[in-house]
Amino acid sequence: MRAHAGRLRSRGRRPRLAPAVLLLLGALSGCNYSLRAGAGLPDYIRTIAVLPFENETTRAELTEEIHQQLLRELPRALGVRSAGEDVADAIVQGTIVGYNVNAPLFRPGAGGNTAEVLQRQVSIAARVEIIDVEGNAILWEDQSLRAEGQFLEASETEDIGRSEAVELLVQRIVDGAQSNW
């Protein structure tokens, strides 16, 4: 009977160890990804300079909004550090070529001559390229990058739609840069 009781006790300890071991193995397996530098770019690209985009629209604030979002997201997503243009291994540059606000969702008015706008959409278009400084080669480019953001006419402002469009534009740049490598 004692042997039987001992087995029960040891069985009771195993389930407590199993989650700890699994947690440790899971944490160790994640190290393979978090320590890899340059994800999304060639291994020799360790620093990147994000230049303010040229702006062909009448919305001057777009330049700063896109630039700040790229500075926050791009180095982290690609596994590189930010650097000045004069010392960077790669440069991100672009041109904002379009900004439009339209009404994709509306309801006809009572008289048929008017419409009630329910939702508006902000659309941003840009040309973007990432350049390898040493090799003077384009690592990635998109000449017709577009992103849209929506906002409710009755309760939100255009700023909400523009912010969403900027976030999506930056995410498409990250996705594009990662797709080549």
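Q: Buried means under 20% relative accessible area, exposed over 50%, and partly exposed in between (1.4 Å probe, protein chains only). What percentage of the residues of the chain count as buried?

A: Of the 181 residues, 32% are buried. This is a predicted model, in which local features need pLDDT of at least 70 and side-chain atom pairs count only at pLDDT 80 or more, while totals for chains, interfaces and linings use all residues. Residues are numbered from 1 along each chain as its sequence is written, and side-chain values use heavy atoms, without hydrogens and water.

Q: Which pattern does the chain follow along the sequence?

A: Helices (H or I, at least four residues) and strands (E, at least two) are DSSP runs numbered from the N terminus. Here, 3 helices and 6 strands follow one another as α-β-β-α-β-β-β-β-α.

Q: How do the axes of helix α2 and helix α3 cross?

A: Axes are lines fitted to C-alpha atoms over the stretch in contact, with angles from 0 to 180 degrees between N-to-C directions. Those of α2 (residues 61–78) and α3 (residues 158–179) come within 9 Å and cross at roughly 40°.

Q: Which residues make the contact?

A: Contact means heavy atoms within 4.5 Å. Among them are Leu 62, Ile 66 and Leu 70 of α2, and Val 166, Leu 169 and Ile 173 of α3.

Q: How many residues of each class does the contact of α2 with α3 have?

A: There are 12 nonpolar (Ala, Val, Leu, Ile, Met, Phe, Trp, Tyr, Cys and Pro), 5 charged (Asp, Glu, Lys and Arg) and 2 polar residues (the others, Gly among them).
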